[in-house]
Amino acid sequence: MSPDSRTLISKHPMDVSINNRIKLGGLPFGHVFLWLLLAAALCVSTPVLASDLNATVDRNKIGIDETVNLRVRYSGDKSGGQPDFDLLEQDFDILSHQQSNQYRVINGRAESFVEWVLALAPKREGKLFIPSFNYQGEISDAVPITVTEAQSGPNGGEKQAFLEVTLDKEKVYVQEQLLVKVRLYTTIGLHDIATDPLKVAGAHAEKVDEQRYERKLDGASYAVYELTYAVFPDNSGKLSIPALSYVAIAGRRDPFSLFNRNSQRLRLRSQEKSIEVLPKPADYSGSQWLPATGLGIVQSWSQDPDSFAVGEPITRILNIRAEGLRAAQLPPLPKLNVDGLKTYPDQPQQEDQVGPNGVTGSRIETTAIVATQPGDYELPPITVTWWDTKTQRQRTTQLPAFRFSVSGTAAPATNNSEISANTPQVTAPAEQLGSASHFWRNLAIIAIASHLLWVLYFFLQRRKSTRQRPNINPQAPDLQRETSALKRALESEDPIHIQQAALKWIYAKWPQAKGKSLTEAAGQLHISELGQLQAMLDASIYRSPPSPLDIHKLQAIVGSLLKAQPERESSEAGSALPSLFS
């Protein structure tokens, strides 16, 4: 090899290599050079095409009652702000949102990035997408998510928490009460539980009860949080109970941590339910459709009705009460129209009492009665037709006619025309006629004044009694008085008087229960004797026929009640779940 050749090799080793390849491969020099340029271009372009913004999920297939974790990572040099995560809310609920900045060294190579972690709950079933995000000029890829239907109830796998919805009937009549129970089962500590109230299209729905207990399923112990809703469908046809969603934090709350990083947010979702709503039966003959499990009418008086006297007002109280109906569904009772009796009806009072068996509505109508003539009177019977949802047949509840006597003398007439008509026509001198006219005028004035005084007296008495009823002084002297009144009511063996006396005693002893019924007070104070007392009185007052009052048992319950103390109230108002759920 010549010196020129050696110089060429030493100065241009790449050229020699290329020439050797040309000889070995038999390819033209131009083609090989183009392939080398293309390979170099690809190597240079690879980092340019790779995005600094990436979105990943922990699962691509979930149930409608499950959640998915989304991680969005940016590893570029720019900083500030965040991607537009509002795009997710079209198909997902954002349950939590955390951001972290990290710097780490792996195999001697340093890297830094900012990462957003979001817990998402799907809003519907089907094929959904995590949308592409645009941040600092970088665009992430969309991520597909397949959402399937929820697994049902206790057999839905070994879940640590799930929802169950049950209905108390397979079919229901229009306006009949349907009880919907929603149970949250969990084997782990849950807190900060949030849920929207049940709303049913075409029906009235309200929460009536809340229970906490434990239950074993397939050998595992579950803490159960149960809500009961009363639903009253407005129309016949198919009624859909929508799916309910609960959001909760799993894991024990750490009071010394601001972030509770060890906790996990869960979204639980129930299955939708449907039920057939039947129309009113064609053979029902009542004037108003009243589907109930029980209905009764009770009459009481402000004083002993045996002491009726002309001109003295006495108050009649009628209470129509129905189990499984709201007070707004109860009809007004017939107006009283009896010759010789003047009536002054008050505005009716409506009240709904709620409990594990749903709603019990009551309508109280109060009427003041003033007799203008002595004699014997009869108030006509009151009949209400209703539909018994237990026996599926029409029933009738009747308040019997009421007879009483009125003593005293007839009240003087108050109408001058009536007086003139009943006065015999006589001929007399002008002086006598003038004296007579003055006499009758004065008599008419006295009669009118007397009547007005009676009306004023009745108004003041009613106003006084109305003012005294709610303003019960909870001090010790009044408590002693109400205790004595309750004992006297027991001696009378009158369930209505016992009920009224028991309520006054409760208001005096526990002012926080003021204005509540026995059932509501029992739920608030957690005193079992109150519930037993209410059950015995309801059976005696409202059942048809009424159950006999076991006065000895009632005295024992009241005796125990007088010594009872309410349980320490839990922090129920401040937490959706009490100590059963940590």
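Start by selecting Phe162, a residue of this predicted model that counts as buried because its relative accessibility is 5%, under the 20% cut-off.

**Stop 1: the rings around Tyr185**

Show both rings. The protein has 18 aromatic pairs, and this is one of them: the ring centres of Phe162 and Tyr185 are 4.9 Å apart and the planes meet at 15 degrees, so the pair is stacked. Now colour by strand. Phe162 belongs to strand E10 (residues 161-167) and Tyr185 to strand E12, so the contact ties together parts that are 23 residues apart in sequence.

How do the rings of Tyr185 and Tyr222 meet? Their centres are 5.9 Å apart and their planes stand at 85 degrees, so this pair is edge-to-face. Tyr222 sits in strand E15 (residues 220-233) while Tyr185 is in strand E12, so this pair ties together parts that are 37 residues apart in sequence. Like Tyr185, Tyr222 is buried.

**Stop 2**

Select Tyr74, Phe85, Trp116, Phe133 and Tyr135. Ring pairs link these residues into a cluster.

Then look at Arg73 with Phe113. The charged end of Arg73 sits over the Phe113 ring, 3.9 Å from the ring centre. Move on to Arg326 and Phe232. Here the charged end of Arg326 sits over the ring of Phe232, at 5.4 Å from its centre.

**Stop 3: the nonpolar cores**

Select Val180, Leu184, Leu190, Val231, Leu239 and Tyr246. These have the most contacts inside the largest nonpolar core, a set of 46 residues. Now switch to Ala489, Leu518, Leu525 and Ile557. They are among the members of a second, separate core of 30 residues.

**Stop 4: helix H8**

Leu518 and Leu525 lead on to the next selection, residues 518-525. This is helix H8, where Leu518, Ala521, Ala522 and Leu525 are buried. Look down the helix axis. The buried residues of H8 fall within an arc of 100 degrees, so they line one face of the helix. What do they pack against? Show helix H7 (495-509) and helix H9 (528-541): the buried residues of H8 pack against both.

Step just past the end of H8. There, His526 takes a positive phi of about 60 degrees.

**Stop 5**

Most residues other than glycine have a negative phi. Two further exceptions are worth a look.

Select Glu493. Glu493 is not a glycine, yet its phi is positive, at about 60 degrees. Its place is the loop between helix H6 (476-492) and H7. Is Glu493 buried or partly exposed? With 48% relative accessibility, Glu493 counts as partly exposed.

Jump to Gln175. This residue, also other than glycine, has a positive phi near 70 degrees. Gln175 is in the loop between strand E11 (171-173) and strand E12 (178-186). Its relative accessibility is 32%, so Gln175 counts as partly exposed.

**Stop 6: Thr367**

Select strand E25 (residues 358-371) and find Thr367 in it. Thr367 counts as buried because its relative accessibility is 17%, under the 20% cut-off. Show its surroundings. Leaving aside residues up to four places away in sequence, Thr367 touches Ile314, Thr315, Arg316, Thr343, Tyr344 and Pro345.

**Stop 7: the whole chain, coloured by confidence**

Zoom out. The secondary structure comes to ten helices and 29 strands. Of the 582 residues, 37% are buried. Among contacts between residues at least 6 apart in sequence, 68% join residues at least 24 apart.

Colour by pLDDT. The average is 76, and 71% of the residues score at least 70. Select residues 255-261. Their pLDDT is below 50, and beyond near neighbours in sequence this stretch has two contacts in the model. Finish at residues 567-582. How many contacts does this stretch have beyond near neighbours in sequence? The model shows 28, and here too the pLDDT is below 50.

Definitions and conventions
Residues are numbered from 1 along each chain as its sequence is written. This is a predicted model: local features need pLDDT of at least 70, side-chain atom pairs count only at pLDDT 80 or more; totals for chains, interfaces and linings use all residues. Side-chain values use heavy atoms; hydrogens and water are left out. Buried means under 20% relative accessible area, exposed over 50%, partly exposed in between (1.4 Å probe, protein chains only). Helices (H or I, at least four residues) and strands (E, at least two) are DSSP runs, numbered from the N terminus. The arc is that of the directions from the helix axis to the C-beta atoms. Contact means heavy atoms within 4.5 Å. A nonpolar core is a set of buried Ala, Val, Leu, Ile, Met, Phe, Trp, Tyr and Cys residues joined through side-chain atoms within 4.5 Å. Rings of Phe, Tyr and Trp (its six-membered ring) pair if their centres lie within 6.5 Å; planes under 30 degrees apart count as stacked, over 60 as edge-to-face and the rest as tilted. A charge sits over a ring if NZ of Lys or CZ of Arg is within 6 Å of the ring centre and within 35 degrees of the ring normal. pLDDT is the predictor's confidence in each residue, from 0 to 100.
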